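Student: Could you take a close look at the charged side chains in this structure and explain how they are paired and how accessible they are?

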Amino acid sequence: MKPGLLKRPSRFILRAMSDGYSTWLEINLDAIRCNVRRLRQLTNTPVMAIVKANGYGHGAVESARAAVEAGSEWCGVARFEEAMALRQAGLNCRLLVMGYTPPACLQDAIDQDISLTIYDPELGGLYPRQLPKSNKPLNIHVKVDTGMGRLGIKPEDALKLVGDLSRTPGIKVEGFCTHFAKADETDRTSTFGQLSKFIPLVKELENRGMRPEIIHAANSAAALQYPDSRFDLIRPGIAIYGLDPSSETPLPEGFIPALTWKARLTSIKVLPPGHTVSYGGIYTTSAEEQIGVVPVGYADGFRRVAGEQVLIHGQRVDVVGRVCMDQSMVQLSGLTDVHIGDEVILLGCQANESISADEIARRWGTINYEVVCGLSNRLPRIYLESGPSSTDHAITN
Ligand SMILES: *Cc1c(COP(=O)(O)O)cnc(C)c1O
């Protein structure tokens, strides 16, 4: 079964698709489309949908396709092979690799129209020397470090690099960009400081007649909070998946989380008092307890930490004992009429309860980004969307 290839499932097909799985992810492509449209509407700026890391766990190809259908002109990824995978899947939008690309990839970059980032004078010298003969140019975005302290040429060296590359045969400087370190924080000093380094460089490029076609800087948080950071293109990642950039920068109204993580209860039994549960026996039943098994473990990206919870029958249920590689045990004593096969929600909504990526992030001592990026490739991904003429939103619960 290849659920990703089944487009526009009806309710019936969706049921059939998840029927064969004990745990799976449902990704609502309509939510991704809606979020991209909302970003375009709020910022009035063209969009580069960031789909690195398998689309933040949502599936790179399907997320990219949904974003492009909603008007995203570009997709951005971290690594060259991520861009190649999108091309091979038939995506024909503009593509940017934001990280390091080995010179061995230059031929493919030209052939496949994949734009690359140069963020260091050494790379600026290396690429021209390794450039294969072609009648098409290699498209380059020059990245400047205005305060992130990660990739990017120093501001004082940026104009020279753009100038040198612009004069290099076979290279076209298509973009000029930077990245913010604290756009998701309430204190605006840092982002304004970075902008005050970036904007004069853009002005100077304009004065010298060297302004590349596309100036870009804004991640999700900046795109929403700093109109001056939008320039010609915004680079939202987390917001297109409907997740908050941070607790200090929640998304405005109208964004929808795209991902739900489901499983089925695989075992239910009553253990006597004093019975231990799972490896190490760190949990002991204090009375007769109804203990269930959920077929999800740390190999799926569920963390082996205390305090995990899931939803069953619309109620919060505690995970007890250690999370194993493929399974976790849950305390079902508050529930009646539970059966093998009942739906378990690890992330998402059920009846009136919900568990968000942010809640899981708090449990794990991390951020929602890491929660969704950590969802293992082992988890089948089922893509939901309403057909063009259908009113049937293919959502099961
Ligand atoms: C990941 C990334 C983004 C997207 O950031 P979000 O906070 O997810 O919107 C944008 N630009 C660069 C350079 C990135 O690495």
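Tutor: A residue is called buried when its relative accessible area is under 20%, exposed when over 50%, and partly exposed in between. The model under discussion is predicted. By this scale, arginine 211 is partly exposed because its relative accessibility is 31%. The side chain of arginine 211 meets that of glutamate 206 in a salt bridge, at 2.8 Å from N to O. Glutamate 206 is likewise partly exposed, at 40%.

A second salt bridge joins glutamate 343 and lysine 262, with an N to O distance of 3.3 Å. Because glutamate 343 belongs to strand 17 (residues 343-350) and lysine 262 to strand 9 (residues 259-264), this pair ties together parts 81 residues apart in sequence. Lysine 262 is buried, with a relative accessible area of 1%, whereas glutamate 343 is partly exposed at 24%.

Aspartate 113 and lysine 136 also form a salt bridge, their closest N and O atoms being 3.3 Å apart. That pair links distant parts of the chain, 23 residues apart: aspartate 113 sits in the loop between helix 6 (106-111) and strand 5 (114-118), and lysine 136 in the loop between helix 7 (121-130) and strand 6 (138-143). Aspartate 113 is partly exposed at 40%, and lysine 136 is partly exposed at 32%.

Elsewhere, Glu308, Arg316, Glu353, Glu359 and Arg363 are linked in a salt-bridge network. In the whole structure, 21 salt bridges are found.

Arginine 381, in strand 19 (residues 381-384), is buried yet has no salt bridge, the nearest side chain of opposite charge being glutamate 62 at 7.6 Å. Polar atoms of the arginine 381 side chain lie 2.8 Å from the backbone oxygen of glycine 57 and 2.9 Å from that of leucine 379.

Methods: Residues are numbered from 1 along each chain as its sequence is written. This is a predicted model: local features need pLDDT of at least 70, side-chain atom pairs count only at pLDDT 80 or more; totals for chains, interfaces and linings use all residues. Side-chain values use heavy atoms; hydrogens and water are left out. Helices (H or I, at least four residues) and strands (E, at least two) are DSSP runs, numbered from the N terminus. Buried means under 20% relative accessible area, exposed over 50%, partly exposed in between (1.4 Å probe, protein chains only). Lys and Arg count as positive and Asp and Glu as negative; His and the chain ends are not counted. A salt bridge is a side-chain nitrogen of Lys or Arg within 4 Å of a carboxyl oxygen of Asp or Glu. A polar contact is a pair of N or O atoms within 3.5 Å; within protein, one must be able to donate a hydrogen and the other to accept it, and residues adjacent in sequence count only if both atoms are side-chain atoms.
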